[in-house]
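I opened a new page for this structure.

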Amino acid sequence: MTRLGMMLAAAMMVGASVSAQAKMAIDTYPVLAGSGAHDVYPAPDGTVWFTAQAAGKVGRLDPKTGKSDMIALGRG
């Protein structure tokens, strides 16, 4: 899995409106290989949800611990 999805999530968490003088940091996190992570969503509680399209699951990343969980979506 490329780290693009998680990098986008980290960037989104920093905020869309940043002054020219602000400094940004991007953190990357490994997720299940082959999951095809896509469509990231930073949640209000600090976790990051993402679709794991190639695996047919949805993922939840906790940036505080670096742990990610995969949740099966079921058939169809």
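**Hairpin and sheet**

I started with the hairpin: strand 1 and strand 2 form it with five residues between them, and Gly46 in the turn has a positive phi of about 95 degrees. I took strands as DSSP runs (E, at least two residues), numbered from the N terminus.

A note on what I am reading: this is a predicted model, where local features need pLDDT of at least 70, side-chain atom pairs count only at pLDDT 80 or more, and totals for chains, interfaces and linings use all residues. Residues are numbered from 1 along each chain as its sequence is written, and side-chain values use heavy atoms, with hydrogens and water left out.

Strand 1 (residues 37-42) and strand 2 (residues 48-52) run antiparallel, joined by five bridges. Val40 stands opposite Phe50 in strand 2. Tyr41 faces Trp49 there.

**Thr47**

Is Thr47 buried or exposed? I found it buried, because its relative accessibility is 3% (buried is under 20%, exposed over 50%, partly exposed in between, with a 1.4 Å probe and protein chains only). Thr47 lies in the loop between strand 1 and strand 2. Its side chain makes a polar contact of 2.6 Å with the side chain of Asp45 (N or O atoms within 3.5 Å, one able to donate a hydrogen and the other to accept it; residues adjacent in sequence count only through side-chain atoms).

**Salt bridges**

How many salt bridges does the whole structure hold? I count two (a Lys or Arg side-chain nitrogen within 4 Å of an Asp or Glu carboxyl oxygen). Arg60 meets Asp69 at 3.8 Å, N to O. Lys67 also bridges to Asp69, with the closest N and O atoms 3.7 Å apart. I logged Arg60, Lys67 and Asp69 as a linked network. Lys67 is exposed at 53%, while Asp69 is partly exposed at 29% and Arg60 is partly exposed at 24%.

How values were computed. Pairing = 2+ DSSP bridges. Helix = DSSP H or I, 4+ residues; strand = E, 2+ residues; numbered from the N terminus.
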